[in-house]
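Let's take a friendly walk through this structure, one piece at a time. Have the sequence and the 3D view open as you read.

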Amino acid sequence: MFDFLPPALILLAGALLIGPTRGVLRTAVVLVFPLLTLVAIWQVPDGVVLSLNFLQYPIEPIEGSAVRRLFATIFALMAFGGGLYAYRQARWYELAAAHAYAAGAIGVSFAGDLISLFLFWELMALFSTVVVWCGGTPGARAAGIRYAIMHLLGGVILKVGIEGVMVHTGSIEVQPMLANNFDTWMILIGILINAAAPPVSAWLSDSYPESSPTGSVFLSAFTTKTAVLALILLFPGEPVLIGIGLFMVMYGIIYALLENNIRRILAFSIVNQVGFMVCAIGIGTQLAINGAAAHAFAHIIYKALLFMSAGAVVYRTGFNKCSEVGGLFRTMPLTAVCGIIGALAISGFPLTSGFTTKTMISQAAANESLVVVYFLLAAASAGVFLHAGIKFPWFVFFQRDSGLRPKDAPWNMAVAMVFFSVLCILFGVAPELLYAYLPYPVDYQAYTPGKVVFYLQLLLFSGLAFFLLLPLMRRTETISLDTDWLWRVALLRAVHWLAAVLARLGAAVKVLGDRIGRRLGTRGRALFGSDTREGEQVHGIFARAWPIGTTALWIAVLLTAYVIFYYLG
Amino acid sequence: MSASRHDKGRAANNGNEVLRNKDDAWLARPSTIRLLWRVFALVLVASVVAQLLFKVKGYFGVDGWLGFGAVFGFLACLLMVLFAKVLGWVLKRDDGYYRKRDDV
């Protein structure tokens with residue numbers, strides 16, 4: 001049936017084998033299966049490769065194209081890098097769940113129809129929840145449940161949309177559409193929930209920092225970026241995405257500036273970066289789509305690198321907050337350097353992958369004469385440097401000396417960080433390596449002297465602003481309320497209030513009931529009498545014991561009346 | 001050379017990972033920090049001066065002006081930090097805000 005093995009199934013098989021294997025063999029499974037998957041991904045040619053029939057619907061679980069292969073490649077690479085980072089520290093079930101999660105992401109990448117897309121989508125939701133739970137704390141358990149509810153809800157909305165499209169158009173193919181009716185809106189909303197778009201962005205910053213130091217590395221990569229791919233495939237050029245993307249960009253910066261938890265800062269910056277991609281998809285030109293795809297690719301690498309660096313700090317110190325750490329560059333130099341490389345890449349510094357991909361999106365906005373979008377993206381680029389580029393390394397590795405002297409990252413974590421650092425610089429120095437695999441032919445020059453000067457000015461003066469404004473950014477032991485307050489607190493309060501009102505209502509009804517009951521009881525006893533208890537003399541009218549004679553008399557009266565009426569009639 | 005070699009430092013270390021010596025690292029010394037500020041100032045000036053040599057293509061006019069990137073970047077950050085500060089007064093809650101609630 002198959003000319004080759006479906007890539008997602010290879011990784012899924014790997015996930016299943018992690019449990020039963022032990023020792024070196026398990027390590028081999030963790031590291032080799034993502035590479036095998038990578039090989040299989042590059043065997044997938046353009047067009048529909050596999051097609052089946054399910055309930056009269058043509059299912060196309062594998063459809064190849066440049067952008068699909070690009071995303072699947074980075075997902076497989078991420079499974080490998082994450083596996084390398086985690087295999088000595090993470091529990092086996094976290095590794096297995098992470099691989100199954102990656103398999104879901106790769107499955108979505110190649111899904112040629114909406115049904116397969118939905119199935120792999122849910123696979124991701126399922127196993128990413130397990131990865132969150134692997135945090136192992138009560139907080140992680142609660143966050144995992146909230147995470148699961150959000151994603152299952154998103155899944156239901158997506159399914160409603162897919163069913164609608166199936167019924168109304170008869171086609172389940174994954175193809176470009178616009179959000180112009182109920183069905184397509186439902187699909188768009190379902191996808192946007194996974195992209196951490198407003199108003200539900202909070203699920204991301206709520207759950208990712210609760211996972212284990214290794215788990216957050218996997219979590220940072222797949223869910224939001226499969227949503228980006230789904231948007232590229234289904235909604236390229238959908239104008240509403242520009243506004244949503246810009247909101248996400250600004251939201252991520254502002255919340256990250258307020259945040260104290262190290263990994264939550266990075267979680268907010270995921271929303272910020274995905275905002276760039278969503279905005280680019282909304283612009284929808286070939287350059288913009290190339291920019292979105294390239295930026296997603298680069299983003300997965302540097303964001304994973306940042307989470308690796310933060311994860312190593314959390315793993316070594318056991319602390320999660322900026323206010324608890326500081327000055328760690330002394331004993332964790334490698335983790336610091338890798339973290340700084342990731343921070344420079346996310347800021348889009350020249351010679352890093354962020355520069356060669358993010359500027360494509362700005363260029364696309366400029367080409368379409370979108371003035372506001374262009375300047376907001378430029379401001380956001382400055383803001384990224386502020387909240388992630390400097391804030392993260394500064395508060396973790398420098399600022400004051402916390403007195404902590406932890407060891408540097410374990411060797412496998414270090415190797416994974418160096419590997420991803422090299423990739424960040426490689427795609428910054430030689431962007432054509434990435435450009436060759438983008439969905440459309442690339443006619444874009446990242447390094448022009450003018451552009452480099454402009455972005456250097458922008459970023460360096462953001463750096464100046466950071467250090468001058470440091471007194472305004474003192475760390476406080478706080479969290480910032482988000483829309484999830486509505487269901488975590490307001491909804492709970494509403495339920496409690498409703499319960500209290502119902503309880504009162506119940507009490508009132510009971511009092512009224514008792515009163516009515518008593519009245520009826522009195523009347524009833526008057527008519528039917530109460531229970532006959534020993535010594536009780538009072539009986540109700542109908543319950544009284546009448547003498548036989550009286551009964552016979554009444555019967556005689558009735559019969560006489562009957563006879564009289566019979567003759568009269 | 002550094003206080004970490006001092007006996008007191010060793011005694012405080014005592015096999016523990018926690019060691020409080022503030023002036024042990026080159027990067028943490030006030031003299032280094034002064035030097036870094038000077039280098040940074042030079043780099044800032046250089047980035048603006050470089051615009052005289054390499055013309056920045058302005059897509060919308062203003063963005064081609066001398067030092068536009070510098071001013072725009074600085075002001076954008078200033079605005080974002082101030083906005084975050086104001087928003088913080090409304091949104092910031094104690095760290096255990098939700099935890100306390102969950103316990104209830």
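This is a predicted model: local features need pLDDT of at least 70, side-chain atom pairs count only at pLDDT 80 or more; totals for chains, interfaces and linings use all residues.

Strand 1 of chain A (residues 47–54) and strand 2 of chain A (residues 57–64) run antiparallel and are joined by 6 bridges. Together they make a hairpin with 2 residues between the strands. In that turn, A:Leu55 has a positive phi of about 50 degrees. Strand 1 of chain A is hardly covered, with 0 buried residues among its 8.

Now turn to the helices of chain A. The axes of helix 1 (residues 7–18) and helix 2 (residues 23–41) of chain A come within 8 Å and cross at roughly 175 degrees, which means that helix 1 of chain A is roughly antiparallel to helix 2 of chain A. Residues of helix 1 of chain A in this contact include A:Ile10, A:Leu11 and A:Leu17, while helix 2 of chain A brings, among others, A:Val29, A:Val30 and A:Phe33. By class, this helix contact has 12 nonpolar, 2 polar and 1 charged residues.

How does chain B meet chain A? Here, 45 residues of chain B are in contact with 45 residues of chain A. On the chain B side, helix 3 of chain B gives the largest share, 16 residues. Sorted by class, that side of chain B has 27 nonpolar, 6 polar and 12 charged residues.

Strands link the two chains as well: strand 3 of chain A (residues 478–480) pairs with strand 1 of chain B in the antiparallel sense, over 3 bridges. There, A:Thr478 stands opposite B:Asp94 in strand 1 of chain B.

Conventions. Residues are numbered from 1 along each chain as its sequence is written. Chains are lettered from A and ligands numbered from 1 in the order in which they are written. A residue is buried if 20 or more other C-beta atoms lie within 10 Å of its own, exposed if 12 or fewer, and partly exposed in between; C-beta atoms are placed from the backbone. Helices (H or I, at least four residues) and strands (E, at least two) are DSSP runs, numbered from the N terminus. Two strands pair if DSSP finds at least two bridges between them. Axes are lines fitted to C-alpha atoms, for helices over the stretch in contact, and angles run from 0 to 180 degrees between N-to-C directions. Angles under 35 degrees count as roughly parallel, over 145 as roughly antiparallel, 65 to 115 as roughly perpendicular and the rest as oblique. Two residues are in contact if their C-beta atoms, placed from the backbone, lie within 7 Å. Ala, Val, Leu, Ile, Met, Phe, Trp, Tyr, Cys and Pro count as nonpolar, Asp, Glu, Lys and Arg as charged, and the others, Gly among them, as polar.
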